[in-house]
Amino acid sequence: MKNEVKIHEVDPSLNNRRSFLKLSGLTLVSAGLVLAGCSNNDDDNDMQDNTLPGIKNGVFDLGSGDFGVLTYAYALEQLEADFYTKVVNASNFNSTFNDIERQVLTDLYHHEVIHRDFFKAVLTGALPDPSSQLLPSLAFNYGSMNFNSRNDVLATAKALEDTGVAAYNGAGKLIKSADYLLLAGKIVSVEARHASAIRSLINPNSKDFAGDDIVNTSTGLDVAKDPSKILPIAGGFITTKFTANYLP
């Protein structure tokens, strides 16, 4: 079941535009990836030879190959979508954040819900047996974090967005399908915009939007981390148990 924003003071025409993008973009892109997943090229044959997601020793495992990477991304997008859903539905959202901050956080909410639903649609259409191989809806716990605290929300958003960018960057080398790699590149570029936006809200008019802690000053490249480095960080918020025994 989708988590949806309750009530927001947003331009109705903007909501209509988002709804159109969500329905048309998600449907068209998902259809393209489902076709890619069902084609008979060598990359897809290699993908099918890898370990599929599903229950392993009583616990869901993300699997390996392209399906494993997509499932890994689906888990991370579930986390981000859940976080921003809670942010925009917090009781003091309107009073905690100013107009610009509310607009940014609401936009990020919409993006992450689209990303989450996108991966679910792709995997549902491409997995041989989605009834047993699709990652279930995850549960989350944010501990003592106060969703009515500007500092708590922005600090956590910064950590999640920076982690998301590093996760996509690190997973890129594991993707064999050119179609999947193209879409991952399009999504990580959005995640990087999110990270920059949050960093600018925290420290306006500074270089923090592309700080030295994430962009290597020698190469000009962003951070890239393998799943084994990312999942312990994300796992601090995810209470549903799963494993990633076949991802590096």
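Colleague: Start with V87. Which residues does V87 touch, leaving out those up to four places away in sequence?
Modeller: Keep in mind that this is a predicted model. V87 sits in helix α3, which spans residues 65-88. Beyond its sequence neighbours up to four places away, its contacts are F93, L105, F147 and V153.

Colleague: Is V87 buried or exposed?
Modeller: The cut-off for buried is under 20% relative accessible area. V87 has a relative accessible area of 0%, so V87 is buried.

Colleague: How far apart in space are V87 and A157, C-alpha to C-alpha?
Modeller: In sequence, 70 residues separate V87 and A157. In space, their C-alpha atoms are apart by 9.7 Å.

Colleague: Which element gives the largest share of the largest nonpolar core?
Modeller: That core has 62 residues, and Y72 and F83 have the most contacts inside it. Two or more residues come from each of α3, α5 (99-126), α7 (150-171), α8 (178-202) and α9 (227-234). The largest share is 14 residues, and the element giving it is α3.

Colleague: How are α3 and α9 oriented, roughly parallel or roughly antiparallel?
Modeller: Their axes come within 12 Å and cross at roughly 25°. The crossing is left-handed. Angles under 35 degrees count as roughly parallel. The two helices α3 and α9 are therefore roughly parallel.

Colleague: How many nonpolar residues are in the contact of α3 with α9?
Modeller: From α3 come Y72, L76 and L79; from α9 come P227, I230, L231 and A234. By class, no residue is polar and none is charged, and the nonpolar count is seven.

Colleague: And how are α3 and α8 oriented, roughly parallel or roughly antiparallel?
Modeller: The axes of α3 and α8 come within 13 Å, crossing at roughly 25°. The crossing is left-handed. With the cut-off at under 35 degrees, α3 and α8 are therefore roughly parallel.

Colleague: How many charged residues are in the contact of α3 with α8?
Modeller: On the α3 side are D66, F67, L70, E77, E80 and Y84, and on the α8 side Y180, I187, E191 and I198. Six of the contact residues are nonpolar and none is polar, while the charged ones number four.

Colleague: Next, α7 and α8. Are they roughly parallel or roughly antiparallel?
Modeller: They pack at about 150°, with axes 9 Å apart. Angles over 145 degrees count as roughly antiparallel. So the orientation of α7 to α8 is roughly antiparallel.

Colleague: How many charged residues are in the contact of α7 with α8?
Modeller: Helix α7 contributes residues including R150, K158, E161 and D162, and α8 residues including E191 and R199. The contact divides into 13 nonpolar and two polar residues, with the charged ones numbering six.

Colleague: Zoom out. How many helices and strands does the chain have?
Modeller: Along the sequence, the pattern reads α-α-β-β-α-α-α-α-α-α-α. That gives nine helices and two strands.

Colleague: What percentage of the residues count as buried?
Modeller: The chain has 248 residues. Buried means under 20% relative accessible area. The share that counts as buried is 46%.

Technical notes:
Residues are numbered from 1 along each chain as its sequence is written. This is a predicted model: local features need pLDDT of at least 70, side-chain atom pairs count only at pLDDT 80 or more; totals for chains, interfaces and linings use all residues. Side-chain values use heavy atoms; hydrogens and water are left out. Helices (H or I, at least four residues) and strands (E, at least two) are DSSP runs, numbered from the N terminus. Buried means under 20% relative accessible area, exposed over 50%, partly exposed in between (1.4 Å probe, protein chains only). Contact means heavy atoms within 4.5 Å. A nonpolar core is a set of buried Ala, Val, Leu, Ile, Met, Phe, Trp, Tyr and Cys residues joined through side-chain atoms within 4.5 Å. Axes are lines fitted to C-alpha atoms, for helices over the stretch in contact, and angles run from 0 to 180 degrees between N-to-C directions. Angles under 35 degrees count as roughly parallel, over 145 as roughly antiparallel, 65 to 115 as roughly perpendicular and the rest as oblique. Ala, Val, Leu, Ile, Met, Phe, Trp, Tyr, Cys and Pro count as nonpolar, Asp, Glu, Lys and Arg as charged, and the others, Gly among them, as polar. A crossing is left-handed if the near helix is turned anticlockwise from the far one by less than a right angle, and right-handed if clockwise.
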